[in-house]
Amino acid sequence: MKKLLLMTAIICGMAKMNAQADKGDFEVGAGIGVNIASVDVPSNNGTSTDANVGINIAFVGEYYFSDRWGIKSRLIYDQKGWGNGFVELEEEIYTTDYNLTYLTIPVMANWHFGSTRKWHLNFGPYAGFLLNAEDEARGMDLKEGFKSTDFGIVFGLGYKFPIAENTKLFIEYEEQYGLVDIFEQNIGGSAVVNSRTSFNVGVLFLLN
């Protein structure tokens, strides 16, 4: 009898851990990730600069329209930029990494798939608000040379691991690609856009 009760408790516990979100549920959480960022010149066959490695820290929220679809948004402290750029002053030119920091807000459709809906695929637009811009070699403030707002598209693919009732860990691969020139005045004429890949982990809490 004790074994039967124990088995029943385990099965019920597993059912709770694998419970899927449904219409009207809301999920919140936080995550952190490693950014691999660069800038591209789309008009020049998509020429890219060297990468600059940074981090992102995000707060996440998603509203579920069904067990398969939701609308997801994030508030991200987002380190971008590029490596081996150069700064030209009146008396010299020197090589440096460009460090750009944005507050990025994507709004995405999120599709949950697989038999237990543990996989998810999201896509949509983002807006980024420039917080800081400097060169790494000398710490010069370069913010005036960049536009204060960036716009682009975002794509992500991830997997969730239930660890307790209404609590999940997630891993996620994400791509951001800018659609507007990041420079305030682009002397070269060809638009330069942000490009960023990230690998993220975090925790989610289901509110239902």
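User: How many cavities of 30 Å³ or more does the count give?
Analyst: A cavity is taken on a 1 Å grid over the protein atoms alone, as a set of points where a 1.4 Å probe fits but cannot get out. Points are joined across faces, edges and corners, and the volume is the space filled by probe spheres set on them. With a threshold of 30 Å³ or more, the number of cavities is two.

User: What average pLDDT does the protein chain have?
Analyst: This is a predicted model, in which local features need pLDDT of at least 70 and side-chain atom pairs count only at pLDDT 80 or more, while totals for chains, interfaces and linings use all residues. Residues are numbered from 1 along each chain as its sequence is written, and side-chain values use heavy atoms, with hydrogens and water left out. pLDDT is the predictor's confidence in each residue, from 0 to 100. In the protein chain 87% of the residues score at least 70, and the average is 88.

User: In what order do the elements of the protein chain run?
Analyst: Helices (H or I, at least four residues) and strands (E, at least two) are DSSP runs, numbered from the N terminus. From the N terminus on, the order is α-β-β-β-β-β-β-β-β-β.

User: Is Asn194 buried or exposed?
Analyst: Asn194 belongs to strand E9, residues 193-207. Buried means under 20% relative accessible area, exposed over 50%, and partly exposed in between (1.4 Å probe, protein chains only). Asn194 has a relative accessible area of 1%, so it counts as buried.

User: With which side chains does the side chain of Asn194 make polar contacts?
Analyst: A polar contact is a pair of N or O atoms within 3.5 Å; within protein, one must be able to donate a hydrogen and the other to accept it, and residues adjacent in sequence count only if both atoms are side-chain atoms. Beyond four places in sequence, the residues touched by Asn194 include Ser38, Lys80, Leu100, Gln176 and Ile182. Its side chain has a polar contact of 3.2 Å with the side chain of Tyr102, and another of 3.2 Å with that of Asp150.

User: What is the relative accessible area of Arg117?
Analyst: Most residues other than glycine have a negative phi. Arg117 is not a glycine, yet has a positive phi of about 60 degrees. It sits in the loop between E5 and E6, and it counts as buried because its relative accessible area is 15%.

User: What is the relative accessible area of Asn84?
Analyst: Asn84, also not a glycine, has a positive phi of about 55 degrees. It is part of strand E4. Asn84 is exposed because its relative accessible area is 54%.

User: How far apart in space are the C-alpha atoms of Gly54 and Ser198?
Analyst: Gly54 lies in strand E3 and is buried, at 10% relative accessibility. Beyond four places in sequence, it is in contact with Gly33, Val34, Asn35 and Gln79. Gly54 and Ser198 are 144 residues apart in sequence, and their C-alpha separation is 9.2 Å.

User: What volume does the second largest cavity have?
Analyst: Lining residues have an atom within 4 Å of a cavity point, and for the second largest cavity they include Glu27, Glu62, Lys72, Arg74, His120 and Glu172. Strands E3 (52-64), E4 and E8 (167-178) each supply at least two residues of that lining. The volume of the second largest cavity is about 80 Å³.

Terms used. Contact = heavy atoms within 4.5 Å. 1 Å grid on protein atoms, 1.4 Å probe; cavity = no way out; pocket = protein on both sides within 12 Å on 5 of 7 lines; lining within 4 Å.
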